[in-house]
Amino acid sequence: MAVDVPAVVVGAGVNGLGVARSLAVEGVRVWLLDSEANRPEMHTRAANAVTVRALHGEALVEELVRLAAAQFAGMRPVLLLTQEESVKTVSHHRERLSALYRFSLPTVDMVDILQHKEGFQRLAEKLGGPIPPLVHVRMLADLPAIEKLRYPVVIKPGERNIEYGRIFKKAYRVESASAGMDLIRRILMVMTDVVVQEWIEGPDANIYFCLQYLDGQGQLAASFTGRKIRSWPPQVGGTASCVVAPEVHDELSAMTARFFQAAGVIGMASMEYKRDARSGEFRMVEPTVGRTDYQEEVATLNGINLPYAAWCCELGRPFPAPVMRERPVVWRVRSEDLQSAVAQGQPLKQGYPRGGYVADALWRWDDPMPFVVQRLRRVVGSLRSRTSKMMGGSPAAGSKS
């Protein structure tokens, strides 16, 4: 039975698709917003797709106001975000938007602190969180400080930056201070916000995450703990495949809730950890606040529907006690998981639990169009590329899949 108050999900991609499917399975009507009308995920049957001008900034605020007036007069839908820039925008315009939508966010200052890697570092140190040492580099004069770190290290931007993303990888593992300085000098020409942190030894399978929803009073409403199987690119990339990790749930769920409750966090929140291969101890990697995680749907597939928990809490309704699946479910982005497996010389199913079920991020029998559209776009792109090569030209604009 469909429920009365809809949900608005900002940002498609596999993240938004998973959120839309999680809500739709509980009968919640979903509106999925994205600035790219032709994204494969916008063809899901789980949501009404709406194209907007932007997913952040004043343009997003105007689109949300317009949508509320046109579709949801007096209803105040539940607002769920999937991207950091959207969180920043909604956080800084919360007074205007809270009259039109239901959502929970930490204070403006806390959102800003936790969205920046150095801000999180200092807060984690203050609260006694298990986090590796970090150096923040804003100018060339800061470079000598990285020599004091233990190598290898990971180098990445302090926060998301469009120009950085166009030129550099998400993160770099660096083996020496001299190599690190060379890389940072190049990055500083693009952005003056770089962090250098001691590397936590261990494979991708040592990376864990705890996804949570805390209600308006900071009480834990739902919690799920998972583990990566592979990342793409390996070691420094996003989740390519992951699975439930019940063996460490009690430890990581308690550690995560303590941190967020001490920081005054409410709403969607998650923490990534890595088990240090040398000591066996968990180390904090990075938090996410105000939005769902890329692999959020793995929780729903394994019995913990966090988007629905958010919907229930925002409406003051009880969230039904979750029931974990008997068979573990692997969530994967097949193309990225395959690339990662090939790059590491692994069989595709290496690391998958025996007796488990595999769910593709795009393909579902009851919602096939996101996968079909993606495949068609790739075929068309490949044909255009071949035709262009045969004619001695360059690939047509827009042929990238």
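**Notebook: contacts, sheet, cores and spaces**

I started with Phe224. Leaving out residues up to four places away in sequence, I found Phe224 touching Phe209, Cys210, Leu211, Val244, His249, Val298, Ala299, Asn302, Ile304, Leu306 and Met324. I took contact as heavy atoms within 4.5 Å.

Note on the source: this is a predicted model, where local features need pLDDT of at least 70, side-chain atom pairs count only at pLDDT 80 or more, and totals for chains, interfaces and linings use all residues. Residues are numbered from 1 along each chain as its sequence is written, and side-chain values use heavy atoms, with hydrogens and water left out.

**Cores**

I looked up the nonpolar cores next. For these I used sets of buried Ala, Val, Leu, Ile, Met, Phe, Trp, Tyr and Cys residues joined through side-chain atoms within 4.5 Å. Buried stands for under 20% relative accessible area, exposed for over 50%, and partly exposed for what lies in between, with a 1.4 Å probe and protein chains only. The largest core holds 49 residues, and Phe224 is among those with the most contacts inside it, together with Val9, Leu23, Leu80, Leu306, Trp311 and Trp331. Helix α11 (residues 306-314) gives the most to this core, 6 residues. I also noted a second, separate core of 23 residues, which includes Met110, Phe120, Cys210 and Val289.

Helices (H or I, at least four residues) and strands (E, at least two) are DSSP runs, numbered from the N terminus. I counted two strands as paired if DSSP finds at least two bridges between them.

Strand β10 (residues 220-232) is joined to β11 by 6 bridges, and the two run antiparallel. Gly226 has Val244 of β11 as its bridge partner. β10 and β11 form a hairpin with 5 residues between them, and Gln235 in the turn has a positive phi of about 75°. β11 also pairs with strand β14 (residues 329-332), antiparallel, over 2 bridges. There I found Cys242 bridged to Trp331 in β14. In strand β11 (residues 238-244), 6 of the 7 residues are buried, so the strand is largely enclosed by the rest of the structure.

**The four-stranded sheet**

I then traced an open sheet of 4 strands, in the order β5-β8-β6-β7, with antiparallel pairing. β5 (134-137) and β7 (172-174) stand at the edges with a single partner strand each, so one side of each has no neighbour in the sheet. Neighbouring strands are turned by 25° against each other on average, direction ignored. Helix α6 (residues 117-126) packs on the sheet and touches β5, β6 (153-157) and β8; its direction makes about 145° with that of β5. Axes here are lines fitted to C-alpha atoms, for helices over the stretch in contact, and angles run from 0 to 180 degrees between N-to-C directions.

I went through the pairs one by one. β5 and β8 are joined by 4 bridges, and Val135 is partnered with Val196 in β8. β6 and β8 pair over 5 bridges, with Pro157 opposite Val194 in β8. β6 and β7 are joined by 3 bridges, and Val153 stands opposite Val174 in β7. In β6, 5 of its 5 residues are buried.

Beyond its neighbours within four places in sequence, Gln197 contacts Gln121, Ile131, Pro132, Pro133, Leu134, Val153, Val154 and Lys156.

**Cavities and a pocket**

On a 1 Å grid over the protein atoms alone, a cavity is a set of points where a 1.4 Å probe fits but cannot get out, and a pocket is an open set with protein on both sides within 12 Å along at least five of seven lines; lining residues have an atom within 4 Å of a point. Grid points are joined across faces, edges and corners, and a volume is the space filled by probe spheres set on the points.

I got 3 cavities of 30 Å³ or more.

Two or more lining residues come from each of α1 (13-24), α10 (297-301) and β15 (357-360), and β15 has the largest share, 4 residues.
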